[in-house]
Amino acid sequence: MASTIQQELQSTSEFLSLRSYHRPSWASTLNPIPSHAFNLGHFPTPIHKWNLPNLPKDTEVWLKRDDLSGMQLSGNKVRKLEFLLADAVAQGADCIITIGGIQSNHCRATAVAAKYLNLDCFLILRTSKLLMEKDPGLTGNLLVERLVGAHIDLVSKEEYSRIGSLTLTNLLKEKLIKEGRKPYVIPVGGSNSLGTWGYIEAIREIEHQLQKGTTNKNFDDIISACGSGGTVAGLSIATWLSDLKAKVTAFCVCDDPDYFYDYVQGLLDGLGAGVKSRDIVKIENAKGLGYAMSTDEELKFVKEIAETTGVILDPVYSGKAAYGMMKDMAKNPTKWEGRKILFIHTGGLLGLFDKNNEMAPLIGKWRRMEIDESIPRIDGTGKMF
Ligand SMILES: Cc1ncc(COP(=O)(O)O)c(C=O)c1O
């Protein structure tokens, strides 16, 4: 008997296998509960102290390294896709449709995960009107999407806001059904009530890490970027229901806090959570110039944090959220003094490649090595030639 259970445990934790899903005990009031999830990521992701410069007195910031969740740097998206793709396969889908910005991390993560599971992937990507008729190129996320053979349909920002992501994905869905395909649609950012389970599970993971002594004191705050709402919905409802009881703050990088309070409310209602989003999460604006647009200060901040701590933040999500957090700490230090904060690094490294030109003036330090002509060769013959 024991060996059967052991065998089952072994087979269910295998990479890319489907596992039965059992909710945390504190999530018993949520409904529906997913029955299965794919093992797509490398979990638990590490938690470590983040030695940020210029923190208020006795403030500690720790990092949850979801940027290391695996699947070609897929960050927070892996957790949602574990549930969403299990549903797609259960429904007999033979392909996945999803939608996002031209450098969407979510679209790239979905393209990779779909291919792992032998599903085709169709992406609708939003770009500027001027670029819509051109080859979208191979920068950052696009390179990975195109390497794994995702089908790409470009739409303009104007079309996207006029028609909406739901109608656009439905148009493609109908077209594919007529061609005899069985598509499964994943909404922007994978943020629906099912995807929310990804970050409900992340909170269970953090609880286990605390129990195992990763750090000796509970966190007072959990902080994350917010782009489509699913990550923050999961973090906040699970923190509220579990023993973690930290204060959850989201820094939104597009739209505005009111939009996200409503959107997160919809996700919570879809789970029958029976709570108000405004009671369980504080949403702050960190949009700056606009979605995926960076100020010089934000990019300088990303550079400074990389140089001082070795942690690379992406410019679109975690970079803006951490910048927003540090700005608030500088403005209201007493609010943060003595608090222990867990910042969720949600990934997005490939988005940085899209900022090469803007980053270039901030990055120096190279030189031609000075070598005297008279220096004789002693070793290294033939290596790498
Ligand atoms: C790297 C990264 N971080 C954070 C987010 C925000 O997460 P969510 O869409 O769940 O709000 C996204 C996606 O939108 C992302 O790609």
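Which residues does V253 touch, not counting residues up to four places away in sequence?

1. V253 and its contacts. V253 touches A225, C226, G227, A286, K287, Y291, V316, Y317 and K320, leaving aside residues up to four places away in sequence; contact here means C-beta atoms, placed from the backbone, within 7 Å. V253 sits in the loop between β10 (247–252) and α9 (257–270). V253 and T139 are 114 residues apart in sequence and 21 Å apart in space, C-alpha to C-alpha.

2. Before you read on. This is a predicted model, in which local features need pLDDT of at least 70, side-chain atom pairs count only at pLDDT 80 or more, and totals for chains, interfaces and linings use all residues. Numbering starts from 1 along each chain as its sequence is written.

3. The ligand shell. There are 20 residues around the ligand, and the closest are N105, G227, Y317, T346 and G348; near means a C-beta atom, placed from the backbone, within 6 Å of the molecule. At least two shell residues come from each of α3 (105–116), β9 (221–226) and α8 (230–241), and α8 gives the most, with 3 residues. Helices (H or I, at least four residues) and strands (E, at least two) are DSSP runs, numbered from the N terminus.

4. Where the ligand lies. Domain 1 (11–75 + 193–362) and domain 2 (77–190) both give residues to the shell, so the ligand lies between them. The domain bounds come from an automatic or database domain assignment.

5. K77 is found in helix α2 (residues 77–90) and counts as buried, with 34 C-beta neighbours inside 10 Å. Residues up to four places away in sequence aside, K77 touches N105, H106, A109 and G190.

6. Strand pairing around β4. β3 (residues 47–49) and β4 (residues 60–65) run antiparallel, joined by 3 bridges; pairing takes at least two bridges found by DSSP. K49 has W62 in β4 as its bridge partner. With β12 (residues 340–345), β4 pairs in the parallel sense over 6 bridges, and E60 stands opposite K340 in β12.

Key: Buried ≥ 20, exposed ≤ 12 C-beta atoms within 10 Å, placed from the backbone. Contact = placed C-beta atoms within 7 Å.
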